[in-house]
Amino acid sequence: MSKRIDVKKTYKLFIGGAFPRTESGRTYEVKNSKGVFIANPCMASRKDLKDAVVAARSAQSGWSQATAYNRGQILYRIAEMLEGRREQFISEISELTGVAAKKASDEVEASIDLLVWYAGWTDKISALDGATNPVAGPYYNFTIPEALGVVGFIAPKKSALLGFIAGIAPIIASGNTVIALASESAPLPAMSLAEVIATSDVPAGVVNILTGKTAELAPWFASHMDIDGLDITGLDSKLVAEVKVAGAQNLKRIHAFKEVATPGRILAFMESKTVWHPIGV
Amino acid sequence: MTFEYAPAPESRASVSIKPKYGHYIGGKFVAGEKHFPTINPATEEVLSSIALGSKKDVDAAVKAAKKALDAHWSKLSGRERGKYLFRIARILQERAREFAVLESLDNGKPIRESRDVDVPLAAAHFFYHAGWADKLEFAGVGTKTKAHGVVGQIIPWNFPLLMLAWKIAPALATGNTVVLKPAETTSLTALLFAEVCEQAGLPAGVVNIVTGDGSTGALIVNHPGISKIAFTGSTEVGKIIAQAVAGTSKSVTLELGGKAANVVFEDAAIDESVEGIVNGIFFNQGHVCCAGSRLVIQESISDEFIKKLQKRMEKIRVGDPLDKNTDLGAINSRAQLEIIKELSLAGDAEGAQRWSPECALPNKGFWFAPTIFTGVTQSHRIAREEIFGPVLSVLTFRTPQEGIDKANNTPFGLSAGIWSEKGSKILWASQKLKAGVVWANTFNKFDPTSPFGGYKESGWGREGGRHGLTAYLKGVSYE
């Protein structure tokens, strides 16, 4: 009896809730830590990025107007679905990076817990950062944090699942939509996560995931005039100045982060709106 | 019969202007090398000669600020720092008349506004931030925060003293020392403020004032000894600053331009709205980044509204800024007047209808009559570009959503206005408008407790309130 031939997975992009191949037709090779070929993920093009921005923009208004409670439920739902697929992610991470199953298991569990942590923030961030301001006059005046809009995210090379979730969860928690560029060297957990997100009640276009060459795509993220913010946590330091100069064209909010779990990551991609109204009879 | 107002000029006696000024560096005035004149824009009278800050001057100011930081300011407790700010607030209140007159002379704004808005608010900003100095651990940003160090601050000519207060008060409260550059055309109240620092006994070098033009500003932005830049001015310059600091460790806050819409719904209280629209665009000659320069009005009431607005505009008194009856003063500079004229001509050329009330403008000085353009469409330059003058563009809408869409159709996002008597509509519109400040049934209100700043290309960060404070604390910024 011959040995069973396993069914290899085809990794595509995740744009607007669908899984298209890159329009460029380009792919690149990903190997595991032992140098064995695993897959040919898409090498996304500038056009794919444009398509993702269009999807993210059209989803933005609906997502930001969903109640904070609803967004929290959906983030929690992602955690639930990921929990159900724990074993798949553990084996993918250990196969890809060569780490022991225990270490891979720790990363997957931390990822699930981080999603739960951010799920709980959606309806609390306004209480943390909002204010009623005692102005010197007959006015009622309050400040509330609001989602920025469409945010790009350059994922870190390492901790391909945890680092990826640490980027997208705080961005979408407040009502932004995101275009995430997965780790170039370890993109596969992010693309498997797309399958989780696709089945987690996340509206189409709220999360869009690209794979490809960071050095090629990051400047396009920066210069795109319809991206409002950019998380460059995963960017090589030698590209930071170039990306910030390009981002200045529309005064894009560009940040990088050291911590994984901090409300600062949510607030970095929110604006403060101050509303005034007279008081009187 | 018609009653006319008799002239009611404010006395200039409380103000003495030196013929020539240097920079205020390390606690004393130091002579400048080159100088340029500063004039009264209402009369073109030369008021004084202002020093043009060179590299040597900026280096000296940064050095003095660093020395003051290390030797004294960083070692002071928050409580003691706060006392200096309280003193400054009080001295500004005591010398309010002098500052108001000088501000109107140098800037061209009506004394009514410098007296009732600029100077009291400047004092209020010092008073508010004084109370923060010893409470930073309660600012909700943790206990590991610290000052940036030497902060470079560049301010515009529209609210010279008020912008100085917005910048210097939070910087000092949080333990930074500053190098501030006032605008080229309006340096006098900043230089008078140096005297206030001395009267308050502020240690030498904590506040340094270097005068000059954009070249001096660029020297401050690019100076390696400066840890944070705070800039208020045009979006164009803001982008240049954002590029200049890219890849450096400098923190930046930018308060930039705007093209605010006042959205008037058909259920608005008409007379109050007319008054609010007038205040929104003609306050401070329209030299306001958050000025309500677009009136976006529901079509069903637009004809009636425009008639009332024109009637109200006929009562606007244009003239001598020092006359207490004056509503609209002088345009700040010849260069700014040219920009206003150019954009207004573009409005004519692109097919909008211009209207101004009959009004006699003085022969000397820089003047522009209050103006509205009707029949403006979204692609017109006067609907897209910041005019920064007393020019209002009127657009109409039919459905509330169309009103919001037109209001948001700009790269800016500093402020917006809503006029409606219906609370639920106001809250709906305030959520939809993409702007950092939304005034409902009022406009152009400011307060130190209240965060101010823009979405989109109107800048980075907030000033005022707890939000503004955090921009001056390291460890809070998300980098």
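This briefing walks through a sheet, a helix packed on it, and some ring contacts. Keep in mind that the model is predicted. The sheet is open, has 10 strands and draws on both chain A and chain B, while a search of the whole structure turns up 20 aromatic pairs over all chains.

**The sheet**
- Reading across, the strand order is E3(A)-E4(A)-E10(A)-E17(B)-E16(B)-E11(B)-E12(B)-E15(B)-E14(B)-E13(B), and the pairing is mixed.
- The edges belong to E3 (131-132) of chain A and E13 (353-355) of chain B; each has a single partner strand, so one side of each is left without a neighbour in the sheet.
- Within chain B, E12 (residues 294-298) and E15 (residues 391-397) run parallel and are joined by five bridges.
- Arg294(B) has Ser393(B) of E15(B) standing opposite.

**The helix across it**
- Helix H14 (residues 423-432) of chain B lies across E4 (139-147) and E10 (270-278) of chain A, plus E16 (415-419) and E17 (437-440) of chain B.
- Relative to E10(A), helix H14 of chain B runs at about 150°.

**Aromatic rings**
- For Trp439(B) and Phe443(B), that's 4.7 Å centre to centre and 50° between the planes, which makes a tilted pair.
- Trp439(B) and Phe443(B) are both buried.
- Ring pairs also tie Trp439(B) and Phe443(B) into a cluster with Trp166(B), Phe446(B) and Phe452(B).

**Charges over rings**
- In chain A, the charged end of Lys213(A) sits over the Tyr28(A) ring, 4.7 Å from its centre.
- In chain B, Lys18(B) has its charged end over the ring of Phe29(B), 4.8 Å from the ring centre.

Notes: Residues are numbered from 1 along each chain as its sequence is written. Chains are lettered from A and ligands numbered from 1 in the order in which they are written. This is a predicted model: local features need pLDDT of at least 70, side-chain atom pairs count only at pLDDT 80 or more; totals for chains, interfaces and linings use all residues. Side-chain values use heavy atoms; hydrogens and water are left out. Rings of Phe, Tyr and Trp (its six-membered ring) pair if their centres lie within 6.5 Å; planes under 30 degrees apart count as stacked, over 60 as edge-to-face and the rest as tilted. Buried means under 20% relative accessible area, exposed over 50%, partly exposed in between (1.4 Å probe, protein chains only). A charge sits over a ring if NZ of Lys or CZ of Arg is within 6 Å of the ring centre and within 35 degrees of the ring normal. Two strands pair if DSSP finds at least two bridges between them. Helices (H or I, at least four residues) and strands (E, at least two) are DSSP runs, numbered from the N terminus. Contact means heavy atoms within 4.5 Å. Axes are lines fitted to C-alpha atoms, for helices over the stretch in contact, and angles run from 0 to 180 degrees between N-to-C directions.
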